Amino acid sequence: MSQIRPIVIINAIVITGDGVTVLDKASVLLANGRIEAVVELDLPSLFPDHLVLDASGCIVMPGVINAHAHGCVFGPSMPSGSAPFDQREVDYQRNRHLLSGTTTLLNVCGLALDDEIDAGPNGGHPLDVHISTAHTPASLAAARAVDGEGLSARHLAARIDDLLSRGAKALGEAGGGQTLGGGAQDYRILPAAIEKACGIVVHPNLARLLKEATLGRSLDGADTAGDEALARLMEENGLGRHFTAESLSSLIRETVMPPVALARRGLAEIAGEAARTGIPAIFHNAAPTASQLIDLARAHPKARIVAGHSNHPSFTAQEALETAVALRDLGASIDVSTLDGISTRWRNGPGNVDALVEAGLVDTISTDFAGGDWDGILEAVHRLVRKRLCLPAAAIAKATGNVARIFPELAGDRGLIARGKRADIVICHSHNLARVRHVLCAGRIVVFNGELRFNSISSQEVSEGA
Ligand SMILES: [Zn+2]
């Protein structure tokens with residue numbers, strides 16, 4: 001029997017995604033891809049036609065909406081317009097998002113076109129992927145100044161209005177780690193330049209230290225550690241044999257800085273476009289862009305500004321808080337990204353996320369990319385709940401209902417467990433919200449008992465397995 005039968009989820013603790021509502025023992029009825037009803041009763045015997053999914057011991061929540069991710073489409077990757085990811089990589093990224101509870105994803109590389117969302121034979125992947133657009137002259141020029149290998153004449157000729165008319169759901173990402181001396185400089189571009197010059201492969205953390213010693217965290221030379229600190233880093237890491245402090249700092253400057261001024265102009269262009277179009281715009285929020293972003297939010301009060309990854313590692317916790325307060329006062333939404341800072345902890349930690357949530361400043365949680373090391377959104381949700389930084393309903397809203405409210409063009413029809421909403425649902429373990437058991441997309445079971453299931457599921461399997 002096919003799984004597009006209507007479904008009743010029983011014995012559920014339902015967290016609806018509105019930020020406050022928890023139903024301790026409820027049933028959720030799904031039909032025709034939508035939520036038909038949510039009732040505080042156990043009803044399976046009343047619905048003999050429905051497939052019964054028993055959620056005992058589990059929490060039922062809306063599918064996660066990730067509004068800041070990369071690597072999930074087949075067009076130019078990242079705000080640097082780099083070569084596209086290949087099919088296997090895109091499949092892996094999409095599968096990983098789905099298995100971690102994300103059912104809707106906004107790919108914010110920003111320079112891909114609508115016909116590059118599903119270029120591969122796996123067009124039927126159940127993760128609902130959308131694109132944003134950053135097709136402005138300076139953003140495209142910034143991409144070309146640092147890379148631009150994935151950009152064709154079609155991408156260079158495209159403009160925001162074209163993409164919006166063809167279904168792009170947001171503007172941005174305005175700026176990025178590649179073009180603004182951020183994470184991608186540390187994990188990819190700067191190590192490649194140093195290796196090319198001397199054959200030594202430097203760790204991303206060392207690349208970040210060298211970059212900050214030379215340019216400062218805001219790339220304006222304001223808080224550099226000075227030549228002595230740079231010389232010490234070089235000696236400690238075997239670079240002194242290959243570079244003088246002067247030659248290494250000019251290599252760093254020549255690698256990091258060419259796209260920076262263009263990217264900053266791109267931020268201004270996109271803020272103007274956001275005000276003109278009324279479409280939400282995602283900005284790269286980090287030490288090099290924070291004060292500009294605050295100025296832009298002030299200059300464009302009508303723009304719906306989303307400050308992406310406001311926990312960026314270029315910020316101290318204090319700076320992250322001050323920036324978020326200033327932006328929020330001007331009406332911007334504050335997003336934090338898991339990066340690799342929740343469970344992976346290779347380059348980043350959770351400190352700035354904790355501080356921002358504790359201060360009540362966070363609207364939404366996304367993953368960003370972190371060189372592919374991103375941790376799941378529900379890992380961050382679980383952390384916040386376990387650390388008692390917020391209640392489960394409030395934590396889950398940052399991954400569902402709040403995202404839908406801030407991005408209605410993307411997700412206005414979902415993100416809540418309520419009648420009429422799209423039946424995107426996550427069923428996870430009540431003791432660990434990151435332990436995803438079942439996922440439904442538009443009423444179809446696509447993850448079952450922790451396993452990807454793109455084919456139909458029989459009622460016998462459900463009754464035996466759930
Ligand atoms: Zn970014």
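1. Buried area is the accessible area that two parts lose on being put together, summed over both. In this predicted model, the area buried between domain 1 and domain 2 comes to about 1100 Å². Carbon and sulfur atoms give 69% of that area. On the side of domain 1, Gly-63, Arg-414 and Leu-452 together supply 37% of what this domain buries against domain 2, more than any other three residues.

2. The parts in question are as follows. The domain assignment places residues 7-63 and 413-465 in domain 1, residues 64-180 and 259-375 in domain 2, and residues 183-256 in domain 3. Domain 1 and domain 2 have centres 30 Å apart, taken over C-alpha atoms.

3. As to contacts, 18 residues of domain 1 meet 12 residues of domain 2.

4. Polar interactions deserve a separate point. Three residue pairs are in polar contact between domain 1 and domain 2, with both residues at pLDDT 80 or more. One salt bridge is counted between the two domains. Asp-128 and Arg-414 form a salt bridge in which the closest N and O atoms lie 2.6 Å apart. Arg-414 is also one of the three residues named above for their share of the area buried by domain 1.

5. The side of domain 1 that touches domain 2 can be described by element. Strands S15 (432-441), S16 (444-448) and S17 (451-452) are the elements that give two or more residues to this side. S15 gives the most, with four residues.

6. In composition, the residues on this side of domain 1 divide into 10 nonpolar, five charged and three polar.

Methods
Residues numbered from 1 in each chain as written. Predicted model: local features only at pLDDT ≥ 70, side-chain atom pairs only at ≥ 80, totals over all residues. Heavy atoms only, no water. Domains from an automatic or database assignment. Contact = heavy atoms within 4.5 Å. Buried area = accessible area lost by both parts, 1.4 Å probe. Salt bridge = Lys/Arg side-chain N within 4 Å of Asp/Glu carboxyl O. Polar contact = N/O pair within 3.5 Å; in protein donor to acceptor, adjacent residues only side chain to side chain. Nonpolar A, V, L, I, M, F, W, Y, C, P; charged D, E, K, R; others polar.
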